Amino acid sequence: MKIAVCLKVVPSRESRYQLNASATWIDESQVSFQASECDEYALEEALKLKERHGGEVVILSIGPTQSEKVIRKGLAMGADRAVLIQDEERRVSDPLLAARLLAEIGAQEGFDLILTGTQSDDYGWGQTGV
């Protein structure tokens, strides 16, 4: 079984948030990042399925360089590999665009199952990897 898990990197819940100079987002230099909590649950479930039935777990994410640290954690937990769509300027802020990009990868990879969290910890859109 080939399982995809969409993993979104979000600002850590323990971080102190301050607006950036243009007041459009948080000052990321003052923030640590982590996987969205709901997406972590999806990854844990995918790893349980892999343990029971065999197969491969692939992490899918869209985001900036900070995503790599979180993806490495997922790989250390037992995921087999990851696909990261680099988005340093956060241009993929539209859920439909994110879904189209992830669907493109899904079509190329031929996943049997795709798991996601119910919503993200930042915008709450349920969009992963942005």
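Residues are numbered from 1 along each chain as its sequence is written. Because the model is predicted, local features need pLDDT of at least 70 and side-chain atom pairs count only at pLDDT 80 or more, while totals for chains, interfaces and linings use all residues, and side-chain values use heavy atoms, without hydrogens and water.

I start with the sheet. It is open, has four strands in the order S5-S4-S1-S6, and its pairing is parallel. Strands here are DSSP E runs of at least two residues, helices are H or I runs of at least four, and both are numbered from the N terminus. Two strands pair if DSSP finds at least two bridges between them. S5 and S6 (113-115) are at the edges with a single partner strand each, so one side of each has no neighbour in the sheet. From one strand to the next, the twist averages 20°; angles run from 0 to 180 degrees between N-to-C directions, with axes fitted to C-alpha atoms, for helices over the stretch in contact.

Now S4, residues 56-63. Seven of its eight residues are buried, meaning under 20% relative accessible area with a 1.4 Å probe, protein chains only. Five bridges join S4 to S1, residues 2-6, and cysteine 6 stands opposite leucine 60. Six bridges pair S4 with S5, residues 81-86. In that pair, isoleucine 62 faces isoleucine 85, and glycine 63 faces glutamine 86.

Last, the helices. H1, residues 37-53, lies across S1, S4 and S6, at about 170° to S1. H2 touches S4 and S5, at about 165° to S5; contact means heavy atoms within 4.5 Å.

Methods:
Buried means under 20% relative accessible area, exposed over 50%, partly exposed in between (1.4 Å probe, protein chains only).
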